Amino acid sequence: MVVFQPSMGATMSALNVVFVYGTLKRGLYNSKYLQTAGATLIGEAKTSTKLPMITDEYYVPYLLKAPGVGKKIKGEVYAVNNEVMDKLDELEGVPTYYTRERVPIEGLELVGASQKHSDKLLQHLDLVMPWVYMMPEERVTEHHLAQEFMHNYEPAQHFKNYVPRSHRATTHVSMTLKQNNLVHTSLGLPPLGTPKSTSHFASH
């Protein structure tokens, strides 16, 4: 078990490694979940397996469980403890909205405090592939697979096009996740639907 001493959080009795590719990345709309929870950024990498990543009408990114189709996905790798891992599962609606799967990565570039523990981290990641959230295979349709695939969820397009849950139609699939508000408040964030400025990105 790898134990290191990040200044931002998580001295871990149990180390979970998560690969994020969308709105949880640094500076994007949902990065506050990881920041508030004390997750530790290990570095940047890409999947060594090709996977299809698409966005919907609200520019919500989805990684589809269809290995071998699509592109190698760029993202960030974080270390989180078991409590945060459980909260992320709830936030992502596991196992119905998303499923959590292991994914092999390559080209890991360590950042910050992680560089001081590079040998142990790289040894650990050789043994344990990071977790990633993706759309369950049973929800993947021909319509999804016919869309243009992305390899990187770009910040510029995110800030231009992304619509948070509080501004989406109530019929959107993400709005059916009853546990979202519980997770939102458990991470120290205001309840969904709390009045805010007219900007979608007032929290940034």
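Lysine 72 and glutamate 106 join their side chains in a salt bridge, with 3.1 Å from N to O. The model is a predicted one, and a search through the whole structure turns up 7 salt bridges. Here is a friendly tour of some of them.

**Lysine 72 and glutamate 106**
- Lysine 72 is partly exposed, because its relative accessibility is 32%.
- Glutamate 106 is also partly exposed, at a relative accessible area of 27%.

**Aspartate 89 and arginine 100**
- In the salt bridge between aspartate 89 and arginine 100, the closest N and O atoms are 2.8 Å apart.
- Aspartate 89 is part of helix H2 (residues 82-91) and arginine 100 is part of strand E6 (residues 99-102), so their pairing ties together parts 11 residues apart in sequence.
- Aspartate 89 is buried, with 13% relative accessible area, whereas arginine 100 is partly exposed at 21%.

- A salt bridge connects glutamate 76 to arginine 26, and their closest N and O atoms lie 3.1 Å apart.
- Glutamate 76 is in strand E5 (residues 74-80), and arginine 26 is in the loop between strand E1 (16-20) and helix H1 (31-37), 50 residues away.
- Glutamate 76 counts as buried because its relative accessibility is 6%, under the 20% cut-off.
- Arginine 26, at 40% relative accessibility, counts as partly exposed.
- A network of salt bridges links Arg26, Glu44 and Glu76.

Technical notes: Residues numbered from 1 in each chain as written. Predicted model: local features only at pLDDT ≥ 70, side-chain atom pairs only at ≥ 80, totals over all residues. Heavy atoms only, no water. Salt bridge = Lys/Arg side-chain N within 4 Å of Asp/Glu carboxyl O. Helix = DSSP H or I, 4+ residues; strand = E, 2+ residues; numbered from the N terminus. Buried < 20%, exposed > 50% of the residue type's maximum accessible area, 1.4 Å probe, protein only.
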